[in-house]
Amino acid sequence: LELMHNLARNGGTSLKRLAASWSETYRCHFVANVADVTCPICHDVVKDAHVTSCCEGHFCDYCIHRILYSKDNCPLCREKQFEAVPSKKYSTKVQSLEIYCKMKCRGCPWTGPLRDATAHLDAKGGSCRYVDVECPNKCGAQIIRDSLPLHLQVACSKSESSCPYCHEKLTKGDLTRHWATCPSYPLPCPNLCGAGTLKRSEMERHLQECPLHPVKCEFFHAGCTTKIKRRDVSEHAEESTRAHLGLLSASVAKRFDQQEERLRLKDEEIEGLRSELRELQVSAITVPPVEFVISDRVQHFRDNWDWFSPDFHTHYGGYLLCLHVKKEVTVFGRGIYRLTLSLKVKEGKSDSILPWPRRSAVSIQVVTYDFTIPKTIAVLLSPKATLPLLSFPSEYSDKETRNDCIAGKNHEVKFFVLKVELA
């Protein structure tokens with residue numbers, strides 16, 4: 001460790017280069033004796049040979065530079081001052097040594113010069129048939145090159161294949177999942193009827209004819225819950241005739257009671273509708289033409305007020321309406337005001353059976369002490385609508401006559417009479 005720290009302090013870049021070189025020392029078996037090409041320091045075959053200037057000794061690049069960095073003497077001649085330079089001739093001699101393939105333990109018979117070992121063991125283009133290579137289909141497996149064809153044919157989950165039953169193209173990894181839904185996959189009859197294997201697509205049709213398939217009794221709707229094999233249906237019907245007749249009788253009686261109950265409920269509903277109709281006919285339903293008298297408000301001409309008429313129908317079972325009269329004083333202190341009449345559509349009992357919207361014509365008259373305002377307006381009746389009908393005295397051009405007539409300035413007005421009629 002102390003030596004490594006010294007090397008790091010004296011030359012970090014060279015240390016990294018030497019350490020990388022040292023990590024790649026030869027790990028192979030040589031055919032001949034290599035004692036004459038071993039490094040005197042590490043006693044391994046010389047790696048990246050360097051020769052010293054003092055005694056021309058040959059050392060590994062890493063080994064001799066470790067001595068130089070530590071400023072030790074030459075390991076062979078003990079000379080203190082020396083240099084080390086690369087020896088291409090000695091490196092060529094080492095690279096020419098015959099070695100065995102690293103995969104000899106797996107059966108590879110190759111021998112050759114050290115320089116060719118890397119190319120021989122290359123996983124992509126090498127000639128060694130016993131080196132580990134990656135599956136070309138990217139299934140993640142590391143396979144001996146000699147076994148790769150067998151792997152691709154049998155074990156590789158990503159290799160292309162086809163279903164032997166429906167011939168659909170897919171990978172081997174998807175084949176098992178495909179068989180769970182393959183329409184041509186052979187299946188035995190679940191009832192073991194002896195029909196042999198059938199395609200999955202034909203199984204449903206077979207079960208509709210299989211004599212051993214369990215089916216419901218013909219009198220299931222009558223209450224028989226027995227499940228029997230299809231071939232025993234006739235026998236079951238003969239053996240259970242009395243029981244089936246009893247079930248049929250009970251079923252018919254039950255349905256008859258249910259029908260009677262439905263008829264009774266319908267009769268009650270009809271009677272309720274008739275009763276409502278009679279109430280509508282008998283009750284005091286107001287229908288046009290209608291007349292309303294407003295007499296309790298006229299003395300308060302100085303005030304604003306709203307008046308709503310009693311509800312009335314357009315006809316028996318028709319639309320429910322009421323009249324809204326709104327008084328607004330326009331000139332305070334002079335008794336000048338404006339009356340606005342509008343028709344309000346209210347929620348009635350017959351709204352669900354009436355046609356909406358409904359166009360109609362409204363004839364309205366406003367009668368005071370000595371004059372009458374008649375008007376006919378076309379309106380469109382729709383649910384909960386407020387329909388403006390009339391606003392006056394804006395109907396009159398003569399301001400003085402309007403004020404006198406409506407406000408009662410020149411004579412006393414005792415009442416308003418509103419007459420409404422719908423066409």
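## Overall make-up

The secondary structure of this protein comes to eleven helices and 22 strands, and the model that shows them is a predicted one. Of the 423 residues in the protein, 35% are buried. Among the contacts between residues at least 6 apart in sequence, 41% join residues that are at least 24 apart.

The loop between β1 and β2 holds E56. The phi of E56 is near 55°, a positive value in a residue other than glycine, and the residue counts as exposed because its relative accessibility is 61%.

## Aromatic pairs

A search of the whole structure finds four aromatic pairs. In one of them, the ring centres of Y165 and W179 are 6.0 Å apart and the ring planes stand at 65°, so the pair is edge-to-face. Because Y165 lies in the loop between β8 (160–162) and β9 (169–171), while W179 belongs to helix α7 (residues 172–179), the pair ties together parts that are 14 residues apart in sequence. Y165 is partly exposed at 35% relative accessibility, and W179 is likewise partly exposed, with a relative accessible area of 26%. Together with Y185, the residues Y165 and W179 form one aromatic cluster.

Another pair is that of Y319 and W356, whose ring centres are 4.9 Å apart and whose planes are at 85°, so this pair too is edge-to-face. Y319 lies in the loop between β16 (312–313) and β17 (320–331), and W356 in the loop between β18 (336–346) and β19 (358–367), so the pair ties together parts that are 37 residues apart in sequence. Y319 is buried, with a relative accessible area of 1%, whereas W356 counts as partly exposed at 26% relative accessibility.

## Lysines over aromatic rings

Two lysines are placed over ring faces. K104 lies over the face of Y100, at 3.7 Å from the ring centre, and K216 lies over the face of F220, at 4.2 Å from the ring centre.

## The surroundings of S157

S157 has its place in the loop between α6 (148–155) and β8, where it is partly exposed, with a relative accessible area of 34%. Leaving aside its neighbours within four places in sequence, S157 is in contact with C139, T171, K172 and G173. From S157 to D174 the separation is 17 residues in sequence and 7.8 Å in space, taken from C-alpha to C-alpha.

## The two sides of helix α8

In helix α8, which consists of residues 200–207, the buried residues are M203, H206 and L207. These residues are on the same side of α8, because they cover an arc of only 85° around the axis. On the other side of α8, the residues S201, E204 and R205 are exposed. The elements that cover the buried residues of α8 include β10 (186–188) and β11 (197–199).

## Backbone geometry

Most residues other than glycine have a negative phi, and most peptide bonds are trans. Against that background, a few places in the model deserve a careful look. W356 and P357 are joined by a cis peptide bond, with omega at about -15°, and P357 has its place in the loop between β18 and β19. W356 is also a member of the edge-to-face pair with Y319.

H167, although not a glycine, has a positive phi of about 65°. The place of H167 is in the loop between β8 and β9, and the residue counts as exposed because its relative accessible area is 58%. The loop between β8 and β9 is also where Y165 lies.

Technical notes:
Residues numbered from 1 in each chain as written. Predicted model: local features only at pLDDT ≥ 70, side-chain atom pairs only at ≥ 80, totals over all residues. Heavy atoms only, no water. Phe/Tyr/Trp six-rings, centres within 6.5 Å; stacked < 30°, edge-to-face > 60°. Helix = DSSP H or I, 4+ residues; strand = E, 2+ residues; numbered from the N terminus. Buried < 20%, exposed > 50% of the residue type's maximum accessible area, 1.4 Å probe, protein only. Lys NZ or Arg CZ within 6 Å of the ring centre and 35° of its normal. Contact = heavy atoms within 4.5 Å. Arc of directions from axis to C-beta.
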